[in-house]
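I wanted to look up how two chains meet in a model. These are my notes.

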Number of protein chains: 2
Amino acid sequence: MNKSTGRVTLPSEQNFLNETKELMERWGADALRDSDGTKLDDEIKQLDAKIYTTYFVARGNNEFAEQHPEETQQLYLMSQFNTAKDKSLEIDFLKGYFEDQIKPDYIHNPKEWWEVINRTTGDVVDPANWEVKQETNQVIINQAEPWHEYTVSFLAYMIWDPTHMYNHITNNWGDKPHDIPFDARQPFSNQFMKDYLENWLKENPDTDVVRFTTFFYHFTLIFDNLGKEKFVDWFGYGASVSVAALEAFAQEKGYRLRPEDIVDRGYYNSSFRVPTKAYLDYIDFIQQFVAKEVKELVSLVHDQDKEAMMFLGDNWIGTEPYGEYFKETGIDAVVGSVGDGTTLRLISDIPHVSYTEGRFLPYFFPDTFYEGNNPAIEANENWLAARRALMRSPLDRIGYGGYLSLAYKFPEFVDYVEKVTDEFRDIYDTIKGVKPYTGLNVAVLNAWGKIRTWQTHMVAHGKWYKQAYSYHGITEALSGMAVDVSFISFDDIINNGVPEEVDVIINAGDAGTSFSGGEHWKNEKVTATLREWVYNGGGLIGVGEPSAIHHQGRYFQLANVLGVDKELGYSLSTNKYFTEEADSHFITEDVSTFNFGEGMKNVYALSEDTDIIVHTEDGIHLSSTTFGEGRGVYIAGIPYSYENTRLLLRAIYYSAGKEEQWKIWQSSNLNCEVHAYPSINKYAIINNSNVEQVTDVYDGNGNKSTITLQPSEIKWEEEQHEG
Amino acid sequence: MNKSTGRVTLPSEQNFLNETKELMERWGADALRDSDGTKLDDEIKQLDAKIYTTYFVARGNNEFAEQHPEETQQLYLMSQFNTAKDKSLEIDFLKGYFEDQIKPDYIHNPKEWWEVINRTTGDVVDPANWEVKQETNQVIINQAEPWHEYTVSFLAYMIWDPTHMYNHITNNWGDKPHDIPFDARQPFSNQFMKDYLENWLKENPDTDVVRFTTFFYHFTLIFDNLGKEKFVDWFGYGASVSVAALEAFAQEKGYRLRPEDIVDRGYYNSSFRVPTKAYLDYIDFIQQFVAKEVKELVSLVHDQDKEAMMFLGDNWIGTEPYGEYFKETGIDAVVGSVGDGTTLRLISDIPHVSYTEGRFLPYFFPDTFYEGNNPAIEANENWLAARRALMRSPLDRIGYGGYLSLAYKFPEFVDYVEKVTDEFRDIYDTIKGVKPYTGLNVAVLNAWGKIRTWQTHMVAHGKWYKQAYSYHGITEALSGMAVDVSFISFDDIINNGVPEEVDVIINAGDAGTSFSGGEHWKNEKVTATLREWVYNGGGLIGVGEPSAIHHQGRYFQLANVLGVDKELGYSLSTNKYFTEEADSHFITEDVSTFNFGEGMKNVYALSEDTDIIVHTEDGIHLSSTTFGEGRGVYIAGIPYSYENTRLLLRAIYYSAGKEEQWKIWQSSNLNCEVHAYPSINKYAIINNSNVEQVTDVYDGNGNKSTITLQPSEIKWEEEQHEG
């Protein structure tokens with residue numbers, strides 16, 4: 001068999017020509033890229049490969065930036081809480097911020113653009129009652145209410161690009177100048193960006209793909225006075241604010257935003273917050289602007305017969321690939337980091353692009369590539385997590401980042417990546433464009449819906465959070481499951497009802513968060529629509545505190561559909577008799593040890609009609625009930641594991657009332673999964689573990705065979721049709 | 001030494017004269033009582049003892065009750081939640097209720113007195129849109145909103161007294177007639193009660209003490225359709241409702257109550273609910289009525305030169321001993337069950353009575369007094385729990401209940417009670433009327449304040465609840481601590497500020513409950529007053545979710561005083577750096593293993609100024625901070641134990657900034673406590689454990705001595721004055 005090639009991007013670096021050629025051959029790479037801090041030799045650029053070149057739009061040109069300090073990017077920031085001890089209160093509003101990053105905006109009148117709020121009452125303080133003391137960066141409140149708490153929301157310039165700041169501090173770059181970010185919305189900057197790109201494109205004829213990293217506005221990343229991370233929100237629109245933006249917003253939307261609409265009590269509209277109308281309007285407004293401007297830059301790239309690739313991260317704010325305006329940008333490709341199945345699908349499902357590319361782990365950096373460590377282990381973990389998701393929705397390309405010279409020193413790793421790249425191409429060539437078998441259609445319901453497709457319960461992209469992991473297991477499980485997945489919002493339900501094709505809805509999250517839904521659950525259109533839909537045969541899976549808001553004697557507003565509610569202490573007087581576990585249940589047939597992660601306390605059954613599957617000393621952790629023709633399933637939490645993936649898949653089948661379809665394209669062993677592609681008469685059985693596994697495999701007709709899979713093996717079979 | 005006698009009440013029974021005499025002598029009893037189901041012989045009544053006779057006011061006279069069915073006691077009840085599947089909805093509003101207990105009131109017009117509520121929207125359904133179908137006990141809603149949930153609040157007669165029902169069912173009394181409770185507010189019943197008592201008093205000349213069990217209205221106790229407890233609230237005013245009461249209320253308070261004011265979404269104003277103004281008005285209204293009527297009955301008793309004793313339980317509703325009107329009743333004595341230190345103080349602190357009596361455990365019933373069991377063990381546990389509290393505030397009498405003949409069969413128990421009764425009298429004779437040494441003054445702050453003195457976090461009196469035990473440890477610890485304790489409400493704070501004498505305020509409970517405070521924490525008068533008070537030197541101890549309500553970027557509204565807040569998921573984007581525990585801390589000097597009960601998740605330090613004492617994987621469980629001259633202490637939960645008693649006492653001293661006074665009247669061993677009575681120059685060291693203990697003892701001048709205490713020993717010492 002000829003060795004397959006293509007669909008793989010490698011980083012390269014100077015003085016590494018022969019080894020680069022060798023690795024290109026072994027890994028079948030057809031593209032080369034530079035990285036932050038690496039440049040490619042001319043000789044390398046002449047190899048038979050596409051050349052990607054990293055490009056920064058809004059920073060890295062301090063000469064320009066320093067000429068136009070008024071066009072530096074801005075932020076709205078909130079001071080700490082300050083307690084008034086008498087009628088006069090001095091607030092050091094910069095306290096806790098990093099002076100290398102933040103500079104108050106005294107160009108625009110603070111009386112007009114800042115806001116002082118009494119956080120004890122929620123009242124805005126009349127600007128007549130406070131003064132700014134510019135020389136000490138203080139706000140002085142007169143007529144304060146003693147023993148009330150106050151905050152100042154102030155407009156500031158962000159005088160250091162966050163990624164540059166992060167790398168600079170982390171790598172001790174000393175007195176290397178700080179990249180000043182400038183704002184695409186401002187006249188000089190806007191023109192400069194275009195001129196500069198136009199010129200750059202001409203000066204870089206070897207570049208085939210302009211790898212934008214990224215466009216205009218960095219996700220919110222604020223450092224503290226010690227130069228450490230203070231606030232990081234991968235979704236944060238903090239740095240897109242400016243006086244110009246706020247004025248354009250008022251013009252376009254017909255109303256003015258308050259600083260509070262942006263600082264949001266200090267939460268800064270974290271994606272865990274149920275978004276307000278003002279915030280949704282604001283991000284829509286920014287997305288429109290960004291899309292329009294990106295389109296112009298992409299046109300310049302296309303004019304030079306190059307491709308425009310966007311990195312999904314850093315300055316990606318406003319480019320939401322699942323948003324309304326992304327399709328207008330004309331971007332050719334998106335590349336992003338693949339940490340797991342969820343992030344793979346986040347990239348591979350992106351619509352309106354010619355191709356997607358995933359940067360796999362490990363990054364070729366010394367934190368993994370050091371003597372005594374075997375980077376092939378992390379590569380194997382990463383590949384197993386990614387492969388499940390690839391089987392459902394393949395990336396078009398994969399790639400690596402960091403120092404190729406470092407990876408080259410680890411032969412076992414080089415061997416393993418050769419195997420991975422071959423396997424990737426084999427999968428891709430087999431299934432690209434082929435619809436996989438889909439058992440059921442699952443919708444994840446939250447306050448964000450489609451725009452945050454595969455992005456639920458993320459804070460800083462990829463970081464573990466105690467408050468998130470018990471929910472993140474859901475998306476990770478779904479990313480490689482033989483189900484179709486969509487993300488829908490409460491507004492979708494209100495405006496259009498439940499989409500026809502959906503079999504099962506999952507609502508998962510802590511009470512009050514956007515992912516559970518908070519106030520949306522007081523909307524009778526939402527609750528009535530879902531009750532009717534389940535009653536007529538739909539399946540509802542609630543995880544954690546689904547449909548939770550305390551209202552009219554219920555905490556779970558869909559308690560009647562789920563069969564459970566949570567005790568808040570108000571109804572302790574009512575005896576809770578139903579605590580006995582069912583002897584067995586479809587949902588737990590494969591699993592006997594449970595891990596509900598953070599779990600949940602004090603969930604109880606409404607009546608004897610609820611089937612209690614797992615009851616701990618803290619209450620119900622897993623249960624089901626019927627509601628008309630449909631079913632509700634409650635699960636306390638689903639951290640990611642193969643056991644929980646199986647448990648969730650069974651819960652999906654059960655809630656949809658489709659247990660009889662379980663043994664179609666199914667494996668008996670939960671370490672294995674079956675992916676079928678009926679239109680090409682093929683199916684694959686994958687071993688997600690790194691030990692040998694034996695499993696029964698059920699084909700599309702329910703016929704059983706038993707097979708053995710080597711560690712991490714993928715086995716392709718032809719579908720047998722019955723005579 | 002002569003054997004002491006008196007202050008002890010025994011139950012007796014028929015045909016048990018000689019043994020009764022023997023036990024009276026050994027235990028020094030000076031009073032005899034009957035019990036439910038036991039009567040006293042005439043010979044026993046002639047013994048040298050006061051005779052208590054149990055008396056029921058509002059039940060036990062079915063002949064009368066059956067003549068006046070319209071005067072049967074009433075309840076407002078709420079149906080189950082019912083989901084409309086189309087425009088018409090039939091609700092079986094009695095579903096889940098016990099037909100032997102509940103009978104709908106069709107005498108008064110349901111259209112006027114009932115309420116149908118759409119629980120999805122909270123709207124009341126226009127009575128024109130529903131009908132009652134009397135023959136099937138249904139409410140039919142026309143024009144229902146499909147897929148909304150509805151409840152019916154209906155007025156019912158309670159045709160079986162709850163205690164009688166409980167005993168009847170528990171003891172299988174078969175076809176014994178059900179006691180029908182009649183209502184003191186109704187004309188015939190009111191007259192009957194007085195006439196009957198007057199007559200009864202004359203017919204029972206041997207009775208010295210009328211032991212009312214109790215007066216008019218039973219705490220809410222509703223059974224389900226299977227004849228099991230459905231709803232029990234020891235504080236519940238459910239059975240005090242009637243059309244007459246509601247009309248009198250409207251007359252007196254100037255506005256009408258809605259059924260919803262009573263059924264309260266099905267929570268029935270559990271004492272965990274933050275009480276509404278309507279409910280506070282209602283219980284005030286009932287208390288006034290009850291006090292006035294009790295006073296008349298007590299007068300009748302006094303007219304016959306007998307004493308009136310009230311049992312604190314059963315039909316005690318409206319008699320709140322810590323309420324406004326109790327002093328007007330003229331009651332001579334209160335007797336109640338002593339399950340622990342908290343319930344002892346609940347009784348012993350009652351004002352306006354000549355004496356209090358505690359019924360100790362175990363009850364002389366076969367569940368404890370069976371062959372092979374040693375009831376002395378439970379008696380010892382009960383005594384150790386009670387004695388701590390006695391040392392602070394002695395009962396005037398103790399007693400026992402049940403079958404004396406049963407206890408008589410357990411000689412070890414008889415010996416032990418002889419020891420207990422002697423010890424009780426010794427303590428009483430020494431300290432009655434003597435002010436014990438008080439280190440500090442502690443106020444427990446919640447939405448109820450004084451009226452629920454020692455009654456926080458109770459549901460069914462004495463029962464363990466998962467949602468309560470981590471807070472109940474506070475009152476239990478306080479009950480025997482050398483501190484003065486008061487219970488104050490938010491209204492007290494708003495109207496009068498923090499009382500002058502208070503050193504430390506404790507706010508403890510789950511968010512949203514009356515004990516934490518819920519909406520009260522949005523009141524700026526509350527938060528500002530407390531901030532100022534702590535800043536000027538006060539101590540605030542928050543347990544669980546103190547001052548919790550999500551408002552203006554804070555969850556704990558006193559986060560700035562406590563130094564901690566709880567992460568709800570909205571501020572995950574903000575890094576939380578402060579997790580390191582202090583090396584040592586005054587609060588934990590004696591304790592190294594911790595038990596925070598249910599604990600709390602996701603509590604974090606606001607800044608490096610917070611001293612983290614215990615940090616678990618769930619977050620901060622114990623911390624302190626300074627706020628001006630004062631201090632805040634956060635504790636995740638305090639289930640009762642000697643370790644936690646010590647920890648709380650240290651937290652009290654620390655928060656008040658009085659660490660230097662720690663070694664005054666103090667023991668080094670946390671199993672022991674020192675109680676000093678400076679005005680009589682005496683102090684006692686008690687061993688709360690049932691093993692030998694050695695402890696250092698610090699006297700009033702801080703002088704240390706070391707003593708050894710036998711298991712459960714109390715040792716009295718004379719105070720040495722320095723020359």
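I counted contacts first (heavy atoms within 4.5 Å): 62 residues of chain A are in contact with 62 residues of chain B. The model is predicted, so I kept local features to pLDDT of at least 70 and side-chain atom pairs to pLDDT 80 or more, while totals for chains, interfaces and linings use all residues. Residues are numbered from 1 along each chain as its sequence is written, chains are lettered from A in the order in which they are written, and side-chain values use heavy atoms, without hydrogens and water.

I then looked up the buried area, which is the accessible area (1.4 Å probe) that two parts lose on being put together, summed over both. Chain A and chain B bury about 5600 Å² between them, and 50% of it is on carbon and sulfur atoms. W147(A), Q552(A) and Y570(A) supply 16% of the area that chain A buries against chain B, more than any other three residues.

Next came salt bridges (a side-chain nitrogen of Lys or Arg within 4 Å of a carboxyl oxygen of Asp or Glu). I found 8 across the interface of chain A and chain B. I noted a salt bridge between the side chains of E149(B) and R531(A), at 3.3 Å, N to O.

Last, I checked how the copies are related, superposing by least squares on the C-alpha atoms of residues with pLDDT of at least 70 in both. A rotation of 180° with 0.0 Å of shift along its axis puts chain A on chain B, RMSD 0.0 Å. The two copies are therefore related as by a two-fold rotation axis. In chain A, the C-alpha of K601(A) is nearest the axis, 5.6 Å from it.
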